[in-house]
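Colleague: I would like to learn how to read a few features in a structure like this one. Could you take me through them slowly?

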Amino acid sequence: MAYHALVQTAEAVRATAADAGLDRLLVELVNLRVSQINGCAYCLDVHTRAALRAGETTRRLGVLAAWRDTALFTARERAALALAEATTSPADALAQERAYAEARRSLNEDEISAVIWVAITINAFNRVSILSKHPVREASPKA
């Protein structure tokens, strides 16, 4: 029952992100970066496939963990990634303030709120998947 509530929350957050103007690709980048930080293999698998379906390139996916060191991400994407990282590791108040300042230059208030909710939701799914030991299985030929 609690898991179904989390799924419903994720659906509401996905709709909120779309309503705020965040495209699916940006949402998947946030999902992936948070899942990288948390080390959730299951969510990395799910969201890598989703990002590829949304049009993401393997090159950008390959360097996502080092996004700050590349010129492959837009200012808007960089702002969202920094905000997602700050949401995932909220104990660093200085990093959080820098992330909010960067976000305010590239995202409006609705977009900032949506990025934070996407990050909160994937953080919750990461913990569920890690603690439940959700396996990454070989994809079926139809997938």
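Colleague: Let us start with a cysteine: is cysteine 43 buried or exposed?

Modeller: Buried means under 20% relative accessible area, exposed over 50%, and partly exposed in between, with a 1.4 Å probe and protein chains only. Cysteine 43 has a relative accessible area of 4%, so it is buried. Keep in mind that this is a predicted model, in which local features need pLDDT of at least 70 and side-chain atom pairs count only at pLDDT 80 or more, while totals for chains, interfaces and linings use all residues. Residues are numbered from 1 along each chain as its sequence is written, and side-chain values use heavy atoms, with hydrogens and water left out.

Colleague: How many disulfides are there?

Modeller: A disulfide is a pair of cysteine sulfur atoms within 2.5 Å, and by this rule the count is 0. Cysteine 43 is in no disulfide, and its nearest cysteine sulfur, that of cysteine 40, is 3.4 Å away. Cysteine 40 is buried too, with a relative accessible area of 1%.

Colleague: Which residues of H2 and H5 meet?

Modeller: Helices are DSSP runs (H or I, at least four residues), numbered from the N terminus, and contact means heavy atoms within 4.5 Å. Among the residues that meet are Leu29, Arg33 and Ile37 in H2, and Arg76, Leu81 and Glu85 in H5. Helix H2 covers residues 24-38 and helix H5 residues 75-88, and the two pack at an angle of about 40° with their axes 9 Å apart. Here axes are lines fitted to C-alpha atoms, for helices over the stretch in contact, and angles run from 0 to 180 degrees between N-to-C directions.

Colleague: What joins arginine 33 and glutamate 85?

Modeller: A salt bridge is a side-chain nitrogen of Lys or Arg within 4 Å of a carboxyl oxygen of Asp or Glu, and a search of the whole structure finds 7 of them. The side chains of arginine 33 and glutamate 85 meet in one, at 2.7 Å from N to O. This pair links distant parts of the chain, since arginine 33 lies in helix H2 and glutamate 85 in helix H5, 52 residues apart. Arginine 33 is buried at 12%, and glutamate 85 is likewise buried at 12% relative accessibility.

Colleague: Which residue forms a salt bridge with glutamate 28?

Modeller: Arginine 24 does, with the closest N and O atoms 2.7 Å apart. Both residues lie in helix H2, 4 residues apart, about one turn of the helix. Glutamate 28 is buried at 0% relative accessibility, whereas arginine 24 is partly exposed at 35%.
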